[in-house]
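User: Can you walk me through this structure? I'd like to start with the inside and then look at some details.

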Amino acid sequence: MQQHLFNTMRSLKMIDGCKGTQVYALNPTASGGGGAAGGGVGEKFLQHLQDHLRVNSIRSKSHRRYQSFSQTNNVNPSVLAEVLAIYGLPQSDLIEPQIDPSLKFVDFVGILADVHTKLENCPEFERSGVYMEQCAIFRGLPDPKLFRRCLRSARQHAVDVHSKVVLSAWLRFERREDELFGVSAMDCSGWSMECPKTSLVSGYNPESAHDICSCQNGLEKDGAMESDLQGQECSTSISYNDDDDEDDDYDMWFCIGDDEVKCNRYKIASLSRPFKSMLYGSFMESKKERIYFAQNGISAKAMRAAEVFSRIKSVDSFDPNVVFELLVLANRFCCDEMKSACDAYLAALVDDMDSAALLVEHGLEETAYLLVAACLQVFLRELPSSMHNPNVTRLFCSSEARERLASVGHASFLLYSFLSQIAMEEDIKSNTTVMLLERMGECATENWQKQLAFHQLGCVMLERKEFKDAQKWFEAAVEAGHVYSLVGVARAINKRGHKYKAYKMINSLISDYNPSGWMYQERSLYSSGKEKMMDLNTATEMDPTLSYPYKYRAVSMMEDDKIGASISEINKIIGFKVSPDCLELRAWFLISLEDYEGALTDVRALLTLDPQYMMFHGKLHGDQLVEILRHHVQQCNQADCWMQLYDRWSSVDDIGSLAVVHHMLANDPGKSLLRFRQSLLLLRLNCHKAAMRSLRMARNHAASEHERLIYEGWILYDTGYREEAIAKAEESISIQRSFEAFFLKAYVLSETTTDHESSFYVIQLLEDALRCPSDGLRKGQALSNLASIYVDVEKLDHAVDCYMNALNIKHTRAHQGLARVYHLKNLRKAAYDEMTKLIDKARYNASAYEKRSEYCDREMAKSDLSMATRLDPLRTYPYRYRAAVLMDDHKEAEAITELTKAIAFKPDLQLLHLRAAFHDSMGDYSATLRDCEAALCLDPKHTDTIELHQKAQKRADEQPK
């Protein structure tokens with residue numbers, strides 16, 4: 001049967017189809033988005049499969065009938081394997097790896113160093129813009145914390161209201177608070193930086209950005225004021241003069257229809273230059289006591305309000321309709337003070353989509369900066385849902401709309417960068433995405449801004465199969481200085497039928513610049529045979545994080561009937577970089593082996609990463625494939641699942657654990673505890689976006705307030721708000737003492753404080769946690785953390801007890817901590833043996849090999865570290881160790897090369913710092929400064945790098961010019 005399957009695969013040209021990720025690779029949401037829109041397609045495809053199964057079933061002389069896929073347990077397993085594998089094979093339209101839509105550089109370290117220097121030397125008022133440049137640089141990195149840190153810094157140093165409004169909304173979007181139940185878009189989060197009211201206050205005050213917001217106090221004051229004013233009539237006839245002085249105070253009248261409005265000439269003249277010229281200049285009105293004002297479109301009521309404003313300088317007592325008229329009057333007669341007052345008053349009225357939609361047009365017509373800012377803030381804080389409102393998209397998308405916003409000071413690259421990011425995530429092929437990116441390009445002034453806008457436009461046009469336009473935009477990005485966009489130019493040229501020209505272009509790229517892994521990967525697309533394989537192997541050697549070479553080699557092995565080797569090849573990247581497309585490919589390999597349990601595990605895991613993922617090249621939702629496969633594996637109840645979860649958790653099988661949790665959630669989707677466990681597993685796998693989604697769902701399904709606060713605390717911690725996370729934990733404890741609340745507080749404190757006194761407090765918190773009810777999985781983690789703190793305060797016997805207790809409840813990772821204690825007790829052999837136990841038990845054991853290397857001689861350590869690098873090339877310690885050994889052997893150039901090899905695909909702080917130290921020891925101070933500056937761009941507070949930079953700068957200055 002397998003031989004027949006392989007022949008079928010060959011006939012479908014599997015190798016030509018496996019050259020990329022899923023159809024909508026640039027857009028994870030869209031890649032799964034076909035689930036909603038493609039229901040009909042899915043049903044037709046399901047019927048097609050059903051018919052195919054029926055035919056093949058007859059051929060295999062099966063006498064069973066197939067009513068629907070809910071009855072696929074009746075299908076002959078061999079027939080099912082053949083049909084699913086055939087239909088699951090990649091197709092010819094999936095012929096390329098993804099083009100990164102973010103900025104990508106041929107000299108990333110140099111870019112980091114340059115932007116750090118720029119930040120250090122720029123004026124304070126320009127720092128926000130430089131932080132946004134950093135955001136654009138960090139956007140393409142796998143760790144979102146760097147991007148979020150820069151985004152917070154940009155908001156902290158923002159000066160104008162427009163920037164504050166956009167950045168506050170962006171920070172909120174990064175936490176996806178729109179997905180949290182019971183949270184309004186205009187709710188204050190509790191700290192000043194993201195408060196919607198604070199965002200409407202202009203001025204530079206970076207020190208106050210982290211202050212607790214005073215919204216609550218403001219609400220109390222507003223309530224008191226409202227109470228004081230109760231019973232007073234808010235009328236434009238209010239007068240603050242004594243009756244005895246009334247006749248002396250007024251010396252002119254404005255006549256509007258049958259009404260006469262008494263005014264003080266001097267006070268009205270003080271409102272603006274035009275009024276002053278009219279009342280005291282050479283105009284005839286300067287000699288009249290009664291001035292006819294009916295032709296100006298201002299009502300008598302509004303004119304009375306203007307008279308009151310001329311005396312009290314406030315519009316708070318007026319009706320909103322009157323304030324609108326005052327705003328028109330202020331604009332017409334250039335009354336800046338009155339306009340500002342009206343603007344602020346009307347801006348305060350905007351608190352939801354309805355009021356924003358109603359008032360924004362008035363704001364644009366009257367160029368009311370604050371009013372438009374307030375409306376804009378609502379639209380941005382309601383994203384992404386507001387993007388589907390045609391009135392909102394009309395406000396942003398066209399060139400005319402951008403010009404209207406620009407006329408009132410609210411069109412910027414920052415705004416359109418934010419909107420474009422969301423549009424690309426929602427639907428990369430939509431017209432809205434194209435128009436927003438075009439507006440973004442129109443707002444771009446600096447080179448990096450043009451590079452980003454034009455490159456992303458090229459990516460979008462390529463997805464839309466508009467290859468001529470894609471080439472044009474990629475070429476514009478290259479002209480602006482973005483070399484990586486040459487990849488897009490070559491892709492577009494190839495699509496237009498000029499493959500050799502594309503090959504020559506990438507060949508020149510490799511010749512002209514310091515080669516990178518992605519360059520060889522790109523060249524492989526335009527070659528074949530041995531040359532293609534050589535380029536792919538070189539790409540993996542230079543950058544082992546690129547997934548396409550593994551996928552191509554795996555499928556190639558599959559065509560050569562080496563299915564075991566193909567699974568081993570795809571396992572190499574899944575072992576350290578989990579992605580839905582690689583899991584999907586492995587699932588098809590396992591299906592062809594009739595390993596339905598393994599395939600089901602992978603499909604459940606990829607649906608955890610992307611719940612809307614479409615299998616069969618966008619034709620069938622992943623959940624439907626789960627339904628097909630689950631009838632061919634042993635059925636488990638919830639109790640069986642818990643046992644499986646314990647086993648897989650203790651064997652450090654994170655993908656298997658994810659699959660079990662997915663199964664359990666299918667039976668009990670509202671179980672917040674399971675969602676929380678899911679988020680922990682995803683964080684271990686470095687799937688930050690999916691982890692945050694699981695945390696939000698855990699929070700939404702929390703059964704009690706104290707549980708909800710815990711999940712909110714974890715969300716805050718994972719997005720960089722540590723003090724706020726501790727506050728959530730404390731609030732939860734005040735309601736009910738629980739394991740998770742104490743654990744959260746202890747965990748965050750242990751990350752933020754290092755002194756002995758704080759460590760003892762963390763110990764107390766973890767002991768409190770362990771006294772509360774919980775399951776073995778979490779208690780094992782708490783015991784392990786407690787033991788680690790005991791080691792820090794040199795209580796080694798207590799640490800041993802905790803680690804042993806953790807091992808007794810199958811917390812396998814405790815072997816690593818126990819080995820550390822044995823090492824500190826000079827029991828090196830016991831430490832080595834303990835790590836060997838972990839290696840034997842753990843399914844993913846790269847870290848175990850790395851740690852074991854610390855407890856053996858140099859040659860054994862080299863062997864273990866080589867294995868660690870082979871299993872997970874993203875671990876940086878092995879490179880640092882090998883480089884240090886080379887330096888000890890006086891092989892300086894080789895040591896630098898070892899670090900440079902890793903920095904090329906992972907610009908890590910420790911790697912850059914060590915290379916800087918090596919350059920310093922060799923007297924190359926310019927290279928030292930460059931690496932230090934790049935490292936400080938990643939972490940501006942890294943003390944050792946700051947000291948090294950200062951020393952190198954001093955030595956460089958002392959050198960003769």
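Predicted model: local features only at pLDDT ≥ 70, side-chain atom pairs only at ≥ 80, totals over all residues.

User: Which residues touch the most other members of the largest nonpolar core?

Analyst: Phe254, Phe275, Leu329, Leu380 and Phe396 do. The core has 235 residues. Helix α18, residues 369-381, gives the largest share of this core, 10 residues.

User: What is Leu329 in contact with, leaving aside neighbours within four places in sequence?

Analyst: Leu329 is in contact with Phe275, Phe293, Ile298, Met303, Ala306 and Met338. Another core lies apart from the largest one. That other core has 53 residues, including Ile563, Leu590, Met664 and Leu685.

User: New topic. How many residues are in helix α49?

Analyst: Helix α49 has 12, residues 877-888. From first C-alpha to last, α49 reaches 16 Å, close to the 16 Å expected.

User: Which of its residues are buried?

Analyst: In α49, the buried residues are Pro878, Tyr879, Tyr881, Arg882, Ala883, Val885, Leu886 and Met887. Their cover includes α47, α48, α50 and α51.

User: What comes just after α49?

Analyst: His890 does, with a positive phi of about 65°.

User: And where is His949?

Analyst: His949 sits in helix α53, residues 943-958.

User: Is His949 buried or exposed?

Analyst: His949 counts as buried because its relative accessible area is 16%, and the cut-off is under 20%.

User: Which side chain does His949 make a polar contact with?

Analyst: The side chain of Glu933, at 3.3 Å. Not counting residues up to four places away in sequence, His949 touches Leu929, Cys932, Glu933 and Leu936.

Conventions:
Residues numbered from 1 in each chain as written. Heavy atoms only, no water. Core = buried A, V, L, I, M, F, W, Y, C linked by side-chain atoms within 4.5 Å. Buried < 20%, exposed > 50% of the residue type's maximum accessible area, 1.4 Å probe, protein only. Helix = DSSP H or I, 4+ residues; strand = E, 2+ residues; numbered from the N terminus. Contact = heavy atoms within 4.5 Å. Expected span 1.5 Å × (residues − 1). Polar contact = N/O pair within 3.5 Å; in protein donor to acceptor, adjacent residues only side chain to side chain.
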